[in-house]
2 protein chains.
Amino acid sequence: MPAEPIVYFGDTARLPYGTKSAETIRRFAAEDAEFLLGRGVKLVVVACHSASSVALLDLARQLPVPVLGVIEPGARALVAATRSGRVAVIGTSATIRAGAYEQAIRNEAGRRVGQFGRFEVIARATPLFVPLAEEGWLENDVAEAAALRYLGPLAAERVDALLLGCTHYPLLAPLISRVVGPQVRLVDSAEETAAEAERLLAGRGLSATTASPGSLTVYLSDLTPNFETIGSRFLGEPLGDVLRATAGKG
Amino acid sequence: MPAEPIVYFGDTARLPYGTKSAETIRRFAAEDAEFLLGRGVKLVVVACHSASSVALLDLARQLPVPVLGVIEPGARALVAATRSGRVAVIGTSATIRAGAYEQAIRNEAGRRVGQFGRFEVIARATPLFVPLAEEGWLENDVAEAAALRYLGPLAAERVDALLLGCTHYPLLAPLISRVVGPQVRLVDSAEETAAEAERLLAGRGLSATTASPGSLTVYLSDLTPNFETIGSRFLGEPLGDVLRATAGKG
């Protein structure tokens with residue numbers, strides 16, 4: 001969607017969300033959304049799996065614009081990727097504890113009646129993957145030891161698709177793939193979420209006209225010293241200007 | 001100080017501080033102190049090395065009660081522990097970047113004129129130690145690989161004392177000691193800080209009367225699911241009642 005004006009808000013002053021209680025994540029997510037509404041957005045994408053897992057329903061009820069999370073797109077991509085009907089999802093403690101992914105995956109599998117005999121979902125919290133990615137330790141012996149400890153037992157479970165249920169995990173995808181083996185397809189909800197956002201805007205007649213130049217404006221609640229490095233590592237290109245902003249009362 | 005009423009505030013909704021910018025840490029520390037003043041405290045101990053490193057001067061200027069950090073007590077304990085005058089300090093990114101420990105250690109060493117020939121301080125950020133301790137991985141292969149990567153090079157530096165410059169690191173002390181070797185004394189600023197707090201209260205006539213029963217009241221900005229586990233692991237006993245409170249606008 002190169003024509004769309006995109007406003008990004010990263011709550012760097014209060015991250016990570018994945019270790020916090022559901023109550024606090026809901027409060028922070030509401031404040032973050034309020035900030036984005038103040039910038040005049042026409043759609044809110046909750047691009048954090050922990051916030052999507054526990055706060056999406058609240059946001060959908062409270063906000064005057066459509067809200068899209070990453071859980072259902074991720075679940076759809078995962079169910080489309082499996083042949084055996086044995087899948088796994090990994091995420092932060094908050095995401096896995098909430099159980100929203102398991103629920104969404106089962107719902108999605110249930111829609112494909114007859115395609116699977118018995119459908120199995122294994123959910124596992126892998127909290128150290130976030131600080132490992134933040135440290136830039138994506139392939140070294142520490143990252144490998146952590147991946148073996150978290151994911152080694154998955155080999156015996158004979159899953160054929162694994163959902164990377166946290167924004168940071170795709171950075172660790174090469175290592176994760178080596179540990180779980182080439183027979184396991186890794187699924188990232190990002191592309192499916194972007195496609196869903198495009199459909200949603202088009203369906204409501206909200207898409208930008210193709211003549212518009214588009215833009216990306218990045219706001220952060222803290223200008224953390226390593227955001228530039230990590231942000232461009234994710235985006236694959238420089239971030240451009242980054243502005244400091246305070247969400248709610250954060 | 002069993003007779004003292006102690007009010008503890010843990011900013012669990014916004015931790016960790018050690019990855020944030022100095023500006024944001026100062027703002028959060030001021031809000032945390034304001035909360036404690038509202039509970040009527042007579043002394044504020046900044047028991048976080050990152051906040052002590054960047055916010056102590058501001059707090060000392062702003063607060064109407066004495067303020068004590070962990071940096072100077074830690075530096076004193078470290079300099080008392082070394083024989084060779086070659087020491088090291090480890091901490092979060094924010095703590096090491098601020099350079100407050102190096103400064104305090106050099107000041108302290110400078111006071112002991114003639115005791116050391118050349119005095120050497122090596123400072124190293126070891127950010128993954130906090131999430132490892134939070135995960136309870138204190139001795140396993142992941143923790144060991146991280147410790148070797150961070151501290152292995154210290155062996156060649158021939159230091160004889162190492163300051164654990166972060167609240168979480170004492171939990172990893174057995175592993176750290178194995179990696180750096182028995183010739184390196186590990187120094188924790190907690191005891192020296194407590195002793196300094198006692199001296200400071202006595203010196204100003206602020207100590208509780210010995211007849212008073214004392215108390216510990218724990219406030220947290222988020223009732224995180226694993227606080228009970230981690231808190232009692234630190235304290236060595238159950239925490240008692242834990243109350244939810246909001247600091248500043250957090």
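Predicted model: local features only at pLDDT ≥ 70, side-chain atom pairs only at ≥ 80, totals over all residues.
User: Why is A:Ile6 called partly exposed?
Analyst: Buried means under 20% relative accessible area, exposed over 50%, and partly exposed in between (1.4 Å probe, protein chains only). A:Ile6 has 43% relative accessibility, so A:Ile6 counts as partly exposed. A:Ile6 is found in strand 1 of chain A; strands are DSSP runs of E with at least two residues, helices are runs of H or I with at least four, and both are numbered from the N terminus.

User: Why does B:Arg233 count as partly exposed?
Analyst: The relative accessible area of B:Arg233 is 33%, therefore B:Arg233 is partly exposed. B:Arg233 lies in helix 10 (residues 227-235) of chain B. The C-alpha atoms of B:Arg233 and B:Leu171 are separated by 8.4 Å, and the two residues are 62 residues apart along the chain.

User: What makes strand 4 of chain A mostly covered?
Analyst: In strand 4 (residues 86-91) of chain A, 6 of its 6 residues are buried. On one side these are A:Arg86, A:Ala88 and A:Ile90, and on the other A:Val87, A:Val89 and A:Gly91, so that both faces are covered by the definition of buried.

User: How do you know which strands pair with strand 4 of chain A?
Analyst: Two strands pair if DSSP finds at least two bridges between them. Strand 4 of chain A is joined by 6 bridges to strand 5 (residues 120-125) of chain A, and the two run parallel. Strand 4 of chain A is also joined by 5 bridges to strand 6 (residues 161-165) of chain A, again parallel. Both counts meet the definition, so strand 4 pairs with strand 5 and with strand 6. In strand 5, A:Arg124 is the bridge partner of A:Ile90, while in strand 6 A:Gly165 stands opposite A:Gly91.

Methods
Residues numbered from 1 in each chain as written. Chains lettered and ligands numbered in written order. Heavy atoms only, no water.
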